[in-house]
Each structure stands twice: as structure tokens, then as C-alpha cells.
Amino acid sequence: MKHIVLLGDGMSDEKLPQLGNKTPLQAANTPNMDFMARRGKLGTARTVPPGFSPGSDVANLSVFGYNPQTCYSGRSPLEAASMGVELAPDDVAFRVNLVNLSPRGNRMIMQDYSAGHISTEEGGELIEALKAETAGDEFQFHPGVGYRHLLVWRGGKVDLITVPPHDITGKDILPHLPQGEGAKRLIELMNTSQMVFFNHPQYRKRVDAGKVPANSIWLWGQGKRPTMVPFRQKFGLTGAVISAVDLIRGIGVCAGLEIIKVPGATGYIDTNYRGKAEAALDALERHDFVYLHVEAPDEASHSGNLEHKMKAIEDFDAQIVGPILEGVKKFDSYRVLCTPDHPTPVARMTHTSDPVPFVLYSGENQENPAVAGYDEDSAKATSLELKEGFRLMEMLLQG
Ligand SMILES: O=C(O)[C@@H](CO)OP(=O)(O)O
């Protein structure tokens, strides 16, 4: 039996007047996910337990079959695991976003949480410049993917209140700066980054090219190293993870799964969808479980770009779901689970904790014509509701 999760990050949404009061999933052309919905098991799952903020870290841990209430220790330690950065027991990892802040009157606004979706190469340049300016044992910066990077605070403070920058787009940053013991040190680092970045040649180059420059770092997602039972010990299967982003790869590393890096996988709307699907089918030749994650719908939603979100959903359906449904037919038996991790309503430009629509398809032929397709309403209309989202994995593995 082969099992595969097809995860469209942030894919579910809310009804929009500009879509005739339909959700993007309802309005998008998704023949493959609709095919699954009319034949397979359709339902909803609460991937974000009560009391947790709806981050992709918590939500994807649930879909991987891990209860966040027992294993979650912060987002950035998971990303550090993907980057091969060892954390000592008292080290604290922070996510470092390269962002664009803009002055408005006497306030400073979070203009762009991704600094114009800065490239990995350009992002790395700035992190290297910041490392040179802050060299020392206490704070260590590590380059990551795109705007997503890492700070390790050796022996640092973890009980701080920090805010994801994609939650405050267009807002005054002052009320959302880090708070708590150690916050002053973090704000000093952010101020240092502003000086380093403004004087870096890349700043002028990006401005002259009409691109959004990175003019600050933003620190959040802190935590200490996690302890996770290996997937094989927990579920008895080996497996592989395919994703462009360190968060998902890091969950895979902590779960003892093979990490497959696909050339051209960008974590954005221009990713190499086909390459990821082909890599997943290849991985299923040597593993019984594959987790294929696509970031694009979430990024489009955070940017408030409905056109990009619709395209990301349709590309996910045509270039991931379709080829996978075709490719798994070569195996004697299979189960395909298609789901978001959390909703990212494009009108809100950030995540919600609402349950997500999932569909589990195992090659059934019987069609249920009453099901309109794969969407939030159709999923809610079934009696299948998983209040503990981490139970989805049991359903995938046991049918
Ligand atoms: O990587 C990130 O910073 C966030 C926002 O884009 O992604 P996700 O919402 O999937 O955690």
C-alpha cells in the first residue's frame, strides 16, 4: 500500500463577493480534486488545536500525524533542523524574515513581510553582511530560503512575545515589536540590520530595478529543539518529504524521513510543480509514504493576490494532483490525501484556525453526484469531522 499527502499550504479560504460569493476552491477549475471528492472520503479536520496560533508549523505537524500539544516547541527549531544547525538544550532559534519597513508619518509600517519575495541568493548576501557585523558566540545568523532565515541565540531567552510579520502587513510595527525578557537585545539586532542593509550595495540595486529592498530583519517563531518520535517508530513506515521550505523539511528531518530537494522548487507561485510530482512518484518506488507540500497558495494569500491564489490552486490541481492520480495507478494499492494545512483567507492576508477540507481517495469508482466538488462547503456537509487533526494520518494509513 502506498500513501501520499498532497498539501496545498493555505489553500482553503472564505467566500468572496468578487467570486460571486464562492471560495477560491469553489471558483477555481480543479477537475482532479473534484474527481477525488466525488468518489473518496470528504471531511473536515481541525489541524490547529485550541490554544495554538494557526501557524503552518502546528498545522503541518498535525497532518504529519504529530499532536502539537505533545511535541511542539516553536517554529524556528524545526527550520534549524532542516538547515542542519545543531541546537544545544539551552539555545533558542528565531526565524529571521527579511522585510521591508516603510515610514508613514511618525510610524514605521510593515510594508512587505518578504522584502518583495527576495531571492535566496540576495537574501543570503544580506545575512552574510549581518553575520560580519554581529560576529560573536552569542548570536549566530544562518542563511535559508528566500526571505526566510535563522538566528540562533546561544543560551538565549525564549519566553518572549513575538509576532509573525505576515500577520501585520500594513500595520504600525511599534505595538508588535518583541516583548519580554531579552526583547531589547533582539530590537538592537533589528536596528543593526537596518544600518547594514541600508548601506549594502544590494539596497540601491533593488530600488533602481524597481524591486522592494530588504531594509530590516524581523525576529519571531522562537523555540528550543523539539523531541519527536521517528515516523517509522510511530507508524511503521519509511517515507520522504518534498517541499521548498525549511519548515516542512525540518519536520521531516525531526521525524527521520528522507528529504528530497527538487531543482526549481521555489516556495512561490513559480515553483516546479511537475518536478515535485515526478520526485514524489519516484520516492514511492522506495518508500510507502510521501509528503508533498506546495507553499504557493499560502504566499499568494499573504500577498492578498486573489489572481495568484486561483492560479496556484489550479496549478496544484493540474500539475500535482492530476499527475499523482495517474502515476499511483502503477502500484497495487494506494491512498491519496489532499488537504490544506490551514485556511489562509486572501482577504485577511493571514491564517485562520478554522478546520480544513480534506479528501482521501483510494481508487474508488463509485461516484457520488450529490457532491459538487472539492471545497469547504462540500467537506462541511459530510458527517466526517476530525476534531483532532493529527488523526488524519491514522485515517490515511488505515483507510
Ligand atoms: O514561511 C513563512 O514565513 C510563512 C508565511 O509565508 O509561510 P507559512 O505561512 O507557510 O508558515
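## Exercises on a predicted model

His-166 touches Tyr-113, Trp-220, His-302, Met-349, Thr-350 and His-351, once residues up to four places away in sequence are set aside. Keep in mind that this is a predicted model.

**Exercise 1. Where does His-166 sit, and is His-166 buried or exposed?**

Solution. 
- Start with the chain: His-166 belongs to the loop between β6 (148–153) and α7 (183–198).
- Next, check the accessibility. The cut-off for buried is under 20% relative accessible area, and His-166 comes in at 11%, so His-166 counts as buried.
- His-166 and Asp-112 are 54 residues apart in sequence, yet their C-alpha atoms are 7.9 Å apart in space.

**Exercise 2. Which helix holds Glu-299, and which residues is Glu-299 in contact with?**

Solution. 
- Glu-299 is in helix α12, residues 296–302.
- Its relative accessible area is 1%, so Glu-299 is buried.
- Leave out the neighbours within four places in sequence, and the contacts of Glu-299 are Tyr-113, His-117, Tyr-147, Arg-148, Gly-267 and Tyr-268.
- Tyr-113 also turned up in the list for His-166.

**Exercise 3. Take His-117 from that list: what is its phi, and where does His-117 lie?**

Solution. 
- Some background first: most residues other than glycine have a negative phi.
- His-117 has a positive phi, near 50 degrees.
- His-117 lies in the loop between β4 (107–112) and α6 (120–133).
- With a relative accessible area of 22%, His-117 is partly exposed.
- Asn-21 is another non-glycine residue with a positive phi, about 65 degrees. Its place is in the loop between β1 and α1 (24–27).

**Exercise 4. Why can α11 be called largely enclosed by the rest of the structure?**

Solution. 
- Count first: eight of the 11 residues of α11 are buried, so the helix is largely enclosed by the rest of the structure.
- Now name them: Tyr-273, Gly-275, Lys-276, Ala-277, Ala-279, Ala-280, Leu-281 and Ala-283.
- Then look for the cover, which includes β1, β8, β9 (258–260), β10, α12 and α13.

**Exercise 5. Which residues touch the most other members of the largest nonpolar core, and which element gives the largest share?**

Solution. 
- The largest nonpolar core has 48 residues, and those touching the most other members are Leu-6, Met-33, Phe-316, Ile-320 and Ile-324.
- Elements that each supply at least two residues include β1 (2–8), α2 (31–39), α11 (273–283), α13 (306–327) and β12 (356–361).
- The largest share, nine residues, comes from α13.
- Zoom in on Ile-320: beyond its neighbours within four places in sequence, Ile-320 is in contact with Leu-6, Tyr-273, Lys-276, Ala-277, Leu-292, Val-294 and Asp-315.
- There's also a second, separate core of 35 residues, with Val-92, Ile-118, Met-190 and Val-196 among them.

How values were computed:
Residues are numbered from 1 along each chain as its sequence is written. This is a predicted model: local features need pLDDT of at least 70, side-chain atom pairs count only at pLDDT 80 or more; totals for chains, interfaces and linings use all residues. Side-chain values use heavy atoms; hydrogens and water are left out. A nonpolar core is a set of buried Ala, Val, Leu, Ile, Met, Phe, Trp, Tyr and Cys residues joined through side-chain atoms within 4.5 Å. Buried means under 20% relative accessible area, exposed over 50%, partly exposed in between (1.4 Å probe, protein chains only). Helices (H or I, at least four residues) and strands (E, at least two) are DSSP runs, numbered from the N terminus. Contact means heavy atoms within 4.5 Å.
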